[in-house]
Amino acid sequence: MTTPCIITVAITGSVPTKADNPAVPITVEEQVESTQESFEAGATLAHCHVRNDDGTTTSDPERFGRLVEGLRKHCPGMIIQLSTGGRSGNGRERGGMLPLRPDMASLSTGSCNFPTRVYENTPELINWLTAEMKTYGIKPEIEVFDLSMLFKAVEMSENNEIEGPLHVQFVMGVKNAMPVDRPTFDFYVETVKRIAPDATWTGAGIARHQITLNEWSLERGGHCRTGLEDNMKLDRGVLAPSNAALVQRVVDLCPKYDRHPASVAEARSLLGLPAAA
Ligand code: ZN
């Protein structure tokens, strides 16, 4: 018996453009189509940002609503996670779509530097986003850009501000934040096992490091994130033709580590989410 790996596909993000890779889905229709292909390839969790048709970032709840509706229709049971990340709006705008009640939403529990700016998450904003997620029955995915963010999430879980068990994501390779470093990764894994033993976790690597974090996560029993939000290329110089192609790359790696892509039922059970309707 192999153990399941939840494959997250981060389809769009807020930075990549069609000039970076024509396969980046921008319109809601493109996003639904790209997610469906990824779902059919083996992804069971979609991490979503929305854009205006001209590619600029937005956090428009109406647009998120159309995306959620399309995904529920075309990817039955897939876990929908909406981003509350800081490139999509300011302050509470970032959580304006939470009343849509997606299965999950991303939540950063601290601040750090990004390539050209501060990724600011004030304690007040973190508390507000967390309370909104609790109100609407949304499971947060804790975005861990450095170790303090993991400790903060565990504290919030112990205070019942976040309903457990936690799901955390270790993000490595964002310029000016935590680089891709194996001893640090191993320390993250040991620390989450020590301070939140029932937590699940995913590793996310940026650009050419995407595949590195996929392999490390499969090896250490974690889950995997892939997709065009984080990485444009399949291999050195070769643009990924689709999000599904990046998902397929993880699917193909699974047997090497005695893993298999989680089914919808397995993914929902592992994350403590209700079974698909
Ligand atoms: Zn994102």
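Q: What is the site of the zinc ion like, going by the angles among its donor atoms?
A: The site is irregular, with angles of 52 to 133° among the 4 donor atoms of the zinc ion. For the labels: four donors count as tetrahedral if all angles lie between 85 and 135 degrees; four count as square planar and six as octahedral if opposite donors are over 155 degrees apart and all others between 65 and 115; anything else is irregular. One caution is that this is a predicted model, where local features need pLDDT of at least 70, side-chain atom pairs count only at pLDDT 80 or more, and totals for chains, interfaces and linings use all residues. Residues are numbered from 1 along each chain as its sequence is written, and side-chain values use heavy atoms, with hydrogens and water left out.

Q: OK, which protein donors does the zinc ion have?
A: They are H47 (NE2), H49 (NE2), E229 (OE) and E229 (OE), lying 2.0 to 2.7 Å from the zinc ion. Donors here are N, O and S atoms within 2.8 Å of the metal (3.2 Å for Na, K and Ca); water is not among the atoms, so sites may look incomplete.

Q: And what spacing do those donors follow along the chain?
A: The pattern is H-x1-H-x179-E. H49 is in the loop between β3 and β4 (50-51), while E229 is in the loop between β13 and β14 (233-235), so this pair links distant parts of the chain, 180 residues apart. Helices (H or I, at least four residues) and strands (E, at least two) are DSSP runs, numbered from the N terminus.

Q: Are H49 and E229 buried or exposed?
A: Both are buried. Buried means under 20% relative accessible area, exposed over 50%, and partly exposed in between (1.4 Å probe, protein chains only).

Q: Which residue meets E229 in a salt bridge?
A: R225 does, at 3.4 Å, N to O. A salt bridge is a side-chain nitrogen of Lys or Arg within 4 Å of a carboxyl oxygen of Asp or Glu. R225 is buried too.

Q: How many salt bridges are there in the whole structure?
A: A search finds 14. One of them joins the side chains of E29 and R66, at 3.8 Å. That pair links helix α1 with helix α2 (residues 61-74), 37 residues apart. E29 is exposed at 53% relative accessible area, and R66 is partly exposed at 32%.

Q: Switching topic: which strands are joined to β2?
A: Strand β13 (residues 223-226) is joined to β2 by 3 bridges, and the two run parallel. Strand β3 (residues 45-48) also has 3 bridges to β2, again parallel. Two strands pair if DSSP finds at least two bridges between them. T8 has R225 as its bridge partner in β13, and V9 has A46 in β3.

Q: Where is the cis peptide bond?
A: It joins G164 and P165, with omega about -10°. P165 lies in the loop between α4 (147-158) and β11 (167-172).

Q: Last one: what is phi for R101?
A: R101 has a positive phi of about 55°, although it is not a glycine. R101 sits in the loop between β6 (79-82) and β7 (104-108). With 47% relative accessibility, R101 counts as partly exposed.
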